[in-house]
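Please look over the sequence and the structure shown here before reading on. The report goes from the whole chain to single residues.

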Amino acid sequence: LDSAEASERDLQRAEMVSLPIAAIILIGVFASVLAAGLPLLVAGLAIPSTLALIFLVSQTVEMSIYVLNIATMLGLALAIDYSLFLVSRFREELRRGRTVAEATERAVATSGKAVAFSGLAVAIGLSGLLLFEAPAIVSIGISGALVVACSVFYALTFLPAVLGMLGHRVNALSLGGLFDAVRRRLGRPPAAV
């Protein structure tokens, strides 16, 4: 019981530190608050889905208390990683003058393949833990494979649908636009491009 409480405290502390850092890095990478929020949105779907699946599996298989920590941190990392591929490619295709539908299609056709193969490779690697005899290690393999599957699923289904709906608004709340708004508010001209 003490281990479970300590694990839960550690998980909360890790989330309090990692989420803001991830958000700042994503805003820096995308230079747009909305685009930066999409990977976090995918993580926000993948992690609870994984935890629900882990709960179902735990009804028949002994699971380590640490699988929650592993699923949360790995889910955050994978969802961000896979979403970065797709969002970056989508924005690149829009800059090339493609329509929203074409940009979505090309992003999934190119980066989607990379996401699928990467997810498959990571899931296979983590599934190797199923060959161990220790139940704790087996449970880590199960949770790892589940979080990869959920991250890939949402990155290849939900994210393209959201990108298709957002279209050019994916670049909304860009840092350049926010800085220009602040400069105008202060009575200074917008920065030259």
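## Overall make-up

This is a predicted model. The secondary structure consists of seven helices and zero strands. Read from the N terminus, the order of elements is α-α-α-α-α-α-α.

The protein has 193 residues, and 35% of them are buried. Its exposed surface comes to about 10,700 Å², with carbon and sulfur atoms supplying 69% of that area. Contacts can also be sorted by separation along the chain: of those between residues at least 6 apart in sequence, 75% join residues at least 24 apart.

## Helix 3

Helix 3 covers residues 67-95. With 29 residues and 1.5 Å a residue, the helix should span 42 Å, and because its end C-alpha atoms are 41 Å apart, the two values agree. After helix 3 comes Gly-97, which has a positive phi, near 95°.

## Salt bridges

Side chains of opposite charge can pair when their charged atoms come close. How many salt bridges does the structure hold? There are five.

One of them joins the side chains of Glu-93 and Arg-89, with an N to O distance of 2.8 Å. Both residues belong to helix 3 and sit four residues apart, about one turn of the helix. An α-helix has 3.6 residues a turn, so residues three or four places apart point the same way. Is Glu-93 buried or exposed? Glu-93 has a relative accessible area of 0%, so it counts as buried.

Glu-93 also forms a salt bridge with Arg-106, where the closest N and O atoms are 3.2 Å apart. This pair links distant parts of the chain, since Glu-93 is in helix 3 and Arg-106 is in helix 4, 13 residues apart. Arg-106 has a relative accessibility of 34% and is therefore partly exposed.

A further salt bridge is formed by Arg-96 and Glu-92, whose closest N and O atoms lie 2.9 Å apart. Glu-92 is partly exposed because its relative accessible area is 28%. Which residues make up the network of salt bridges? They are Arg-89, Glu-92, Glu-93, Arg-96, Arg-98 and Arg-106.

## Ser-111 in helix 4

Ser-111 lies in helix 4, which runs over residues 100-127. The relative accessibility of Ser-111 is 11%, so this residue counts as buried; the cut-off for buried is under 20%.

Which residues does Ser-111 touch, leaving aside its neighbours within four places in sequence? Its contacts are Phe-85, Leu-86, Arg-89 and Arg-106. Two of these names have come up already: Arg-89 and Arg-106 are also members of the salt-bridge network.

## Ile-140 in helix 5

Ile-140 is part of helix 5, residues 135-156. With a relative accessible area of 23%, Ile-140 is partly exposed.

Setting aside neighbours within four places in sequence, Ile-140 is in contact with Val-67, Ile-70 and Leu-129.

How values were computed: Residues numbered from 1 in each chain as written. Predicted model: local features only at pLDDT ≥ 70, side-chain atom pairs only at ≥ 80, totals over all residues. Heavy atoms only, no water. Helix = DSSP H or I, 4+ residues; strand = E, 2+ residues; numbered from the N terminus. Buried < 20%, exposed > 50% of the residue type's maximum accessible area, 1.4 Å probe, protein only. Contact = heavy atoms within 4.5 Å. Salt bridge = Lys/Arg side-chain N within 4 Å of Asp/Glu carboxyl O. Areas by Shrake-Rupley, 256 points an atom, 1.4 Å probe, with all protein chains shown as cover. Expected span 1.5 Å × (residues − 1).
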